[in-house]
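User: I would like to go through some local features of this model, one question at a time.
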Amino acid sequence: MTLKVNLQVPRTGFDVDVEFAVPAGSTLAMMGPSGSGKSTIVHAIAGIQKITRGRIELSGTVLADAKLHRPPHLREVGLLGQDPHLFPHLDALKNIAFGARAGGLEKSAATAAASEWLARLGLEEIASHRPEALSGGQRQRIALARALAAKPKILLIDEPFASLDVEAAMDMRALVREELARTATSAIVVSHSAADTLALADDLLVLERGQIIQQGTVAEVFAAPANRFVRAVVATLPAQHPISIQEEPIMSTGNDPIELEVHRSRLLSQVVPVAPQRIAVAGGFTALHGAVLAQDVASAHPLPLWDNSAMDGYAVRSADTATAPAALDVIGEVPAGSGWNPMLEAGQCVKIMTGAPIPSDADAVVRIEDTSAAVDGWDVKTVQVNVQVPAGKDIRRSGEDKNAGEPMAYAGEELTAARLSALAAAGSSTLQVRTMPKVAVLITGAELRTPGQALTRGQIPETNSLLMAGLLAESGIQATTVVHCVDDIEAVHEQLVILGATHDAVLSTGGVGPGAYDVMRQALEAEPQVQAVRVKIRPGQPQCAGRLAAGAMVFALPGNPVSAAVSFELFVRPCLRAMQGHRDVLRPTLRAVAAVGWRAAAGRVQVIPVVFEHGEQLRCAPAVQAQSISHSVGGFGAAQGYALVPAGITQVNPGDEVEVLRMVP
Ligand SMILES: Nc1nc2c(c(=O)[nH]1)N[C@H]1C(S)=C(S)[C@@H](COP(=O)(O)OP(=O)(O)OC[C@H]3O[C@@H](n4cnc5c(N)ncnc54)[C@H](O)[C@@H]3O)O[C@H]1N2
Ligand code: MOO
């Protein structure tokens, strides 16, 4: 079952050109900065991406070469990605059975195999649940079972744990390792996580700009990483981990830029979630709406609670309508909220309102429109029913929406309007949640004046406080404090100590550059757990971040407004969401087509504000000049999102697909 890969795929910027093998039963990890070609390789093996030269061979069968492209479903290659992509209309059992049928089993054998999988994973009780009713971890387990039930010769695992919380990721890692070993399946793992790589892989291959720059056992590569990226990834391992590397500073103040993902994962690893609180649903709306659940919640009672009417009309015995038109005696009325359960004899009915409980003797509802009053109007003792109704007509059955005890929501999910009202409807009276972290914004800069004030030469309106407070509010967090501080190192440090002791996070803008007046960076030199970094992004390179001795996390962002906004999106927002215990800390990326071309930032990920054009495809165009993004506060005003252009690309051409983050719906 050896996989031999020798492929070339041309891409904007550079070609992906690699050659490697995965021996039978072993797992190979691939690491490299985003855009280095890992996904291209995975997609080429899976058959989603064609190759232009070379050959991919699995157990002696050619999957692809310059002429042949075997379709994905004929490759015996499984794919497990960050999004489990379960079929939403199939329950857990049927999702797995689908995999087993793809692996060649007949329907009944596939169902039996799927049941075995569920039993082994301890998930029998969710067999009949559809993906929407499952937690992120359960969905990933079902996706793993579905992929392995197809008996692939090799499983491609692409960042599958990135959206899981720390514990769920640990459990999944152990399970994947166990199941790969049990089924003797080879695998390729793409991950930015040292923990994933150590737990799952035998060998490691390091990529840079489409080339393999290092290859060896995981231990060998981790002990002497050939590039900064892997070195920084290894540095995220706990200090007591047996793998040690030669000392070299990971975040230095010098010209030693670090990858976006590395900076972000280091910050995320420092996040301490805010303490959960139990809040009453009654009167608790302000605290609960937008908060994140710190517990799983099941329905306390069935929904609907009782069989009830879906329409205004008459609750009848359906047999009485068989001879319609038929006259029925109206013996009373059940309005919404009434607990009355009248006995109905043949030929009798009751008036009923939408939502009112159906009398036990009735089995259908006739809508008011389908009746004529024998005398005048709705208030009569006899009604003429003009239609036949089958049993069950217009009755909402107890439990048809949710059964008592059925999972409704999971820890890590945000209480949206829909979710909060659903939990209240299902009988929750209190909820254990994490509310917003408390955030302070600290502004420095001698040139800054309150907007509207007269300006003398050299002065500008202070706008970053509006920007930061607004971005916080758009992330669901009200900035509690905005402090302006004079450009003095001691005064700034004093503010940091005060704010750091009273908030969960402190954001600042300005003063992180290398200049003599860059007081924020200098004030933070007194903080041992805060480091100055240069991140390989444009804009937003210089930053300081970490934890203040006073307690709060600090994010000292660059003063240039667009640099500050970009840094907020890439680093601050994910950390604040992690503090709230959010399951998904990153905004999902979309693909858009460049409507015009622009110059990218060689050697750095370019994060350029864009406007979107809607049509058959999502299209985007820069909102600012690509050469001068960081200070273009004017053009930025129209931005609806950002395009993320990988470091290896120097030019985006009209028609190129780019990855985008969309901030405005
Ligand atoms: N010699 C070097 N100079 C600079 C470097 C460098 O590497 N070497 N890096 C450049 C980059 S990249 C950035 S980004 C900035 C970071 O600078 P600071 O964080 O120190 O920002 P300031 O100098 O304080 O301000 C930059 C810019 O933004 C305006 N600003 C600041 N605060 C506000 C505010 N609250 N409201 C509106 N506008 C604000 C400020 O007036 C400046 O124009 O450094 C580069 N320089
Ligand atoms: O990194 Mo600075 O943010 O380019 O302008």
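**Backbone geometry and a ligand site**

Analyst: Pro-304 lies in the loop that joins strand E13 (297-298) to strand E14 (308-309). The model is predicted.

User: What is the omega of the peptide bond from Leu-303 to Pro-304?
Analyst: Most peptide bonds are trans. The bond from Leu-303 to Pro-304 is cis. Its omega is near -10°.

User: Which residue around ligand 2 has a polar backbone atom 2.6 Å from an oxygen atom of the ligand?
Analyst: The residues around ligand 2 include Gln-541, Asn-560 and Ser-630. For Asn-560, an N or O atom of the side chain is 3.5 Å from a ligand oxygen, and for Ser-630 a side-chain N or O atom is 3.1 Å from one. The backbone atom at 2.6 Å belongs to Gln-541.

User: How many charged residues are in the shell around ligand 2?
Analyst: The shell has two nonpolar and five polar residues. The number of charged residues is none.

User: In which pocket does ligand 2 sit, and what is the volume of that pocket?
Analyst: Ligand 2 sits in the second largest pocket. The volume of this pocket is about 670 Å³.

User: Which helix gives two or more residues to the lining of the second largest pocket?
Analyst: The lining has 36 residues, and those closest to the pocket centre are Gly-510, Pro-558, Gly-559, Asn-560 and Pro-561. Strand E24 (439-444) and strand E26 (460-461) each give two or more residues to the lining. The helix that does so is H15 (561-579).

User: Is Ser-59, with its positive phi, buried, partly exposed or exposed?
Analyst: Ser-59 has a phi near 50° and is placed in the loop between strand E4 (53-58) and strand E5 (61-65). Its relative accessible area is 32%, so Ser-59 is partly exposed.

User: What is the relative accessibility of Ala-184?
Analyst: Ala-184 is not a glycine, yet has a positive phi of about 50°. It is found in the loop between helix H5 (166-182) and strand E8 (186-190). Ala-184 counts as partly exposed because its relative accessibility is 42%.

User: How many of the nine residues of helix H1 are buried?
Analyst: Helix H1 (residues 38-46) is mostly covered. Its buried residues include Lys-38, Ile-41 and Val-42.

Methods
Residues are numbered from 1 along each chain as its sequence is written. Chains are lettered from A and ligands numbered from 1 in the order in which they are written. This is a predicted model: local features need pLDDT of at least 70, side-chain atom pairs count only at pLDDT 80 or more; totals for chains, interfaces and linings use all residues. Side-chain values use heavy atoms; hydrogens and water are left out. A residue is near a molecule or strand if one of its heavy atoms lies within 4 Å of it. A polar contact is a pair of N or O atoms within 3.5 Å; within protein, one must be able to donate a hydrogen and the other to accept it, and residues adjacent in sequence count only if both atoms are side-chain atoms. On a 1 Å grid over the protein atoms alone, a cavity is a set of points where a 1.4 Å probe fits but cannot get out, and a pocket is an open set with protein on both sides within 12 Å along at least five of seven lines; lining residues have an atom within 4 Å of a point. A molecule sits in a cavity or pocket if more than half of its atoms lie within 2 Å of its grid points. Ala, Val, Leu, Ile, Met, Phe, Trp, Tyr, Cys and Pro count as nonpolar, Asp, Glu, Lys and Arg as charged, and the others, Gly among them, as polar. Buried means under 20% relative accessible area, exposed over 50%, partly exposed in between (1.4 Å probe, protein chains only). Helices (H or I, at least four residues) and strands (E, at least two) are DSSP runs, numbered from the N terminus. Grid points are joined across faces, edges and corners, and a volume is the space filled by probe spheres set on the points.
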